[in-house]
Amino acid sequence: IEHALIPEEGLVTAGDLAIGADSHTCTYGALGAFSCGVGSTDLAYAMYCGKTWFKVPGAISVELTGKPSRYVTGKDVVLTLIGILGVDGADFCSLEFSGSGLEYMTMDDRFTIANMAVECGATNAFFPVDSKTLIYLEEHGAKKPVIYEPDKDVCYSRKITLDLSAMCSVVALPHLPSNVKNAKDVKGLKIDQVVIGSCTNGRYSDLANAASVIKGRKTAPGVRLIVIPATQKIWLECVKSGIAEIFVEAGGVFSTPTCGPCLGGHMGILADGERAASTTNRNFVGRM
């Protein structure tokens, strides 16, 4: 999956301008890059001419404060934010993250948050470059970063503060990513399938966290479990560490890297009337 592979291969660094013909290209904002999705025509023009056109987005400040509890992750942060903004609350805007809470957001958390910025309409997301970013870039062989920071007198169109210590695990019910509910409030809801993967949550840490919960347990009768690592490197790490075995022994399917059912393509498409719990980024009608 390109949105996991490109950072993993060190192909994007801080200060880059990156575009791609997929809306979740905004993922690379976690590295302090400006990145956004464009249409196929825009991408073809950029490849041919070496230039492209942008409307400079407005800026929304998102300050993260507090320390999250054990099971609160970047996915909970971004879903909570989308629940506040709605699916169009950040149209033509840049989400700029800051605050003391960033200390507790791993790079994988940041990738997840930036990835789903588009789900509230944002053009891109932007994380400040800190020690975690620099270590990640160095470890993955990225070129020398160019660090940009917001102007001191920046005028934000909106300011939002999220207290991570007050946050809980959440889910988005059909049929919008903004239809956010506390996970405990939907306990007992019948599901037919679980999908763990995608460019949002198919990284090694995501699969390791899931495996720590699933280890020693079995999938419930009538429930399918599909686990899809985002890249070949992650797939190999899961095999070598025993994580793949945990999923298989639980009754799950451990797939080769692919977008799978997320884009509505294959490997887990739902039948009529079925319900899935999924780590993917969209729950629109017809998506999966």
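1. Ground rules. Since this is a prediction, local features need pLDDT of at least 70 and side-chain atom pairs count only at pLDDT 80 or more, while totals for chains, interfaces and linings use all residues. Numbering starts from 1 along each chain as its sequence is written, and side-chain values use heavy atoms, with hydrogens and water left out.

2. Overall build. The protein has nine helices and twelve strands; these are DSSP runs numbered from the N terminus, helices being H or I with at least four residues and strands E with at least two. The C-alpha trace spans about 55 × 40 × 35 Å along its principal axes. For 288 residues a compact globule would have a radius of gyration near 19 Å, and the protein agrees at 19 Å (taken over C-alpha atoms; the rule is 2.2 Å times the number of residues to the power 0.38).

3. Of the 288 residues, 44% are buried, meaning under 20% relative accessible area with a 1.4 Å probe, protein chains only. Among contacts (heavy atoms within 4.5 Å) with a separation of 6 or more, 75% link residues 24 or more positions apart.

4. Sheet E5-E4-E3-E6. This one is open, with four strands in that order and parallel pairing; two strands pair if DSSP finds at least two bridges between them. At the edges sit E5 (124-126) and E6 (158-163), each pairing on one side only. Neighbouring strands are turned by 20° against each other on average, direction ignored. Inside the sheet, E3 (58-65) and E4 (93-98) share six parallel bridges, and Glu-63 has Ser-98 in E4 as its bridge partner.

5. Helix H3. Residues 74-85 form H3, which lies across E3, E4 and E6 and runs at about 135° to E6. For such angles, axes are lines fitted to C-alpha atoms, for helices over the stretch in contact, and the range is 0 to 180 degrees between N-to-C directions.

6. Sheet E11-E10-E9-E12. Here too the sheet is open, four-stranded and parallel. E11 (253-254) and E12 (276-278) each have a single partner strand, so one side of each lacks a neighbour in the sheet. E10 (224-228) meets E11 over two bridges, with Val-227 opposite Phe-254.

7. Pro-177. Worth a click: this residue sits in the loop between E7 (170-172) and E8 (180-182), yet counts as buried at 1% relative accessibility. Leaving out residues up to four places away in sequence, Pro-177 touches, among others, Leu-79, Ile-82, Glu-119 and Phe-284. Phe-284 is 107 residues away in sequence but 7.8 Å away in space, C-alpha to C-alpha.

Conventions. Buried < 20%, exposed > 50% of the residue type's maximum accessible area, 1.4 Å probe, protein only.
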